[in-house]
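Dear colleague,

Please find below the structure that I am handing over to you.

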Amino acid sequence: MAGWLWLRCLFGPSLHRIHRPPQQPRPEGRAGRRGWDYLPGSLERHTDNILGWASALWSLSYYSSPLILCYLYRKGYICSSKLVPVSQYVGTVLVCLLGVACLRGWGRWRNPEYLQFISILEETRRSHTPSNKKKLASYDFNFSHWPADFSWKDVSSPKLSKGGVSLLKPEPRHRGAADSLLNSVRTLPCHVISYLIAHSFGRRMLYPGSVGLLQKAMRPMLQQGQARLIEEYEGQRNKLVACDGNEIDTMFVDRRGERGPNGKTLVICCEGNAGFYEVGCMNTPLDGGYSVLGWNHPGFAGSTGVPFPQNEANAMDVVIQFAVHKLGFQLNDIVVYAWSIGGFTASWAVMSYPEIRALVLDASFDDLLPLALKVMPESWRPLVTHTIRQYMNLNNAEQLCKYQGPVLLIRRTKDEIITTTGPEDIMSNRGNDLLLRLLQYRYPKVMTEDSLRAVRQWLGAGSQVEEESVYMGYEVDDDWCLSVLQSYQTDRETPFPWSVGEDMTPEGRRQIALFLARKYMRNFETTHCTPLPISEFHMPWKL
């Protein structure tokens, strides 16, 4: 029995923190918040540090392996006479690390807190009941050992196609059979290079939060953020299994039992390319009293996989299914809120689930390609274009135009990330293009060339005073614009695109275009990474 318990400690997960349940008294000597950090013994602490350093060195070696292999090859070390001694050294190191791991298991076996935790974990694996889940939720540990709480298989008719949920694909170019075969042979090297770029440094440049070294550096901050969500907001951590097998780490804060109108609305948050729910944008709707569901991209923190568009959409799909089928929210009670690159999964969600109440996009863009071309050499343009369209096609505007519901775009006027020239050139902010694409699709008769010039002039305003000056300069009558749109909606009840403005004067179209632009977009005078205060978070305008 003792030997079996030691084996469970040997192969068990690392324990980071113990979240005290509300009804449990704080043990003597514990101060501070409701929870406390797990205190390992000296043997467990020292052996864990050794294994941690070994893991960090392995990660560093993995990312620098091309340079290391090139160096070894040039020095003549890659040959049988040199590899045999090296393999002996590596074997010796592995045996030593195995001994260190056994000592760590011994240290855990002597710690009563860890023994209690490992017993609860084993019991939950055998019987995943609500009571066992509640006991297990009192511990913060390596999430890969957390039992699954929900799977797409649990839903009777999930929205699936072969290989995962459906994505919008670029339009294929039509060619003859012979021409197509010849073109495929000619472009084969480009395809191979694009694949290598996308699956090596390209994906890590686009989603730096998936890099293991960055996650190790941020681990204390993430653990602190998670402790805050669980201990102060009574957050519930869950593991979801997507249709591609990836495990998605989520956090749900339920406000339905509290006073106030916002608690019955669920805000699903989609983080940026280096954002985690522990320290990300879900804090904004939390401050507003909403029920909030946050999740981490595939490959981020506790989530597994890699954040390619298909995996991202698969993850978003299981998050929505979980919100509806497990948490009990209706789609018309859900608002999707995204920051930066999270706009891709958010726009996919409202496109695929049009019953969702509203969408809020903060500091997002219309298309990834112009931003990728900005940071790459001009000579790489064909290769970058092919790589983006084939493997990283974040076509936010195209997906957004498929949605019929209310939308709010928040533009950061000093944004340094999604501008194609610099933060001082507000007209290069790709949020402008996202707004124009949406307005041109929904109101094509209003958005004539004359109206586009007026809206661009309004978008070019660098401050709220300039913005108001442009708006007043065109003598926009808000009451008249609203009455025209309401009259059109009442008479027809048709989906977008609308034909309103068809029989209107150029002056009338300009007024409605500026009126709509101000309703669909709000400016926030700050940089890209500044947290959005709750005073700037609003439900989108609805006619």
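In what follows, two residues are said to be in contact when they have heavy atoms within 4.5 Å of each other. Please also bear in mind that this is a predicted model.

Overall architecture

The protein contains 20 helices and 12 strands. Its radius of gyration is 27 Å, close to the 24 Å that the globule rule gives for 543 residues, so the protein is as compact as a globular protein of that length. The C-alpha trace spans about 85 × 65 × 45 Å along the principal axes. Of the 543 residues, 48% are buried. When contacts between residues at least 6 apart in sequence are considered, 74% of them join residues at least 24 apart.

Surface and charge

The protein exposes about 26800 Å², and carbon and sulfur atoms supply 58% of that area.

Backbone features

Most residues other than glycine have a negative phi, and most peptide bonds are trans.

The peptide bond between F496 and P497 is cis, with an omega of about 5°. P497 belongs to the loop between α19 (478-492) and α20 (506-520).

E234 is not a glycine, yet its phi is positive, at about 55°. This residue lies in the loop between α9 (212-233) and β5 (236-241). With a relative accessible area of 41%, E234 is partly exposed.

A363 is not a glycine either, and has a positive phi of about 55°. A363 sits in the loop that links β10 (358-362) to α13 (368-375). Is A363 buried or exposed? A363 has a relative accessible area of 1%, which is under the 20% limit, so this residue counts as buried.

Cysteines

A disulfide is a covalent bond between the sulfur atoms of two cysteines. The structure holds zero disulfides. C96 takes part in none, and the nearest cysteine sulfur, that of C102, is 12 Å away. For C270, the closest cysteine sulfur is in C281, at 7.4 Å; a disulfide is counted only within 2.5 Å, so this pair is too far apart for a bond. C270 is buried, at 0% relative accessibility.

The surroundings of Q440

Q440 is located in helix α16, which comprises residues 430-442. At 34% relative accessibility, Q440 is partly exposed. Which residues does Q440 contact, leaving aside its neighbours within four places in sequence? With those neighbours left aside, Q440 is in contact with M447 and L452. Between Q440 and W541 there are 101 residues in sequence and 18 Å in space, C-alpha to C-alpha.

With kind regards

Notes
Residues numbered from 1 in each chain as written. Predicted model: local features only at pLDDT ≥ 70, side-chain atom pairs only at ≥ 80, totals over all residues. Heavy atoms only, no water. Helix = DSSP H or I, 4+ residues; strand = E, 2+ residues; numbered from the N terminus. Rg over C-alpha atoms; globule rule 2.2 N^0.38 Å. Buried < 20%, exposed > 50% of the residue type's maximum accessible area, 1.4 Å probe, protein only. Areas by Shrake-Rupley, 256 points an atom, 1.4 Å probe, with all protein chains shown as cover.
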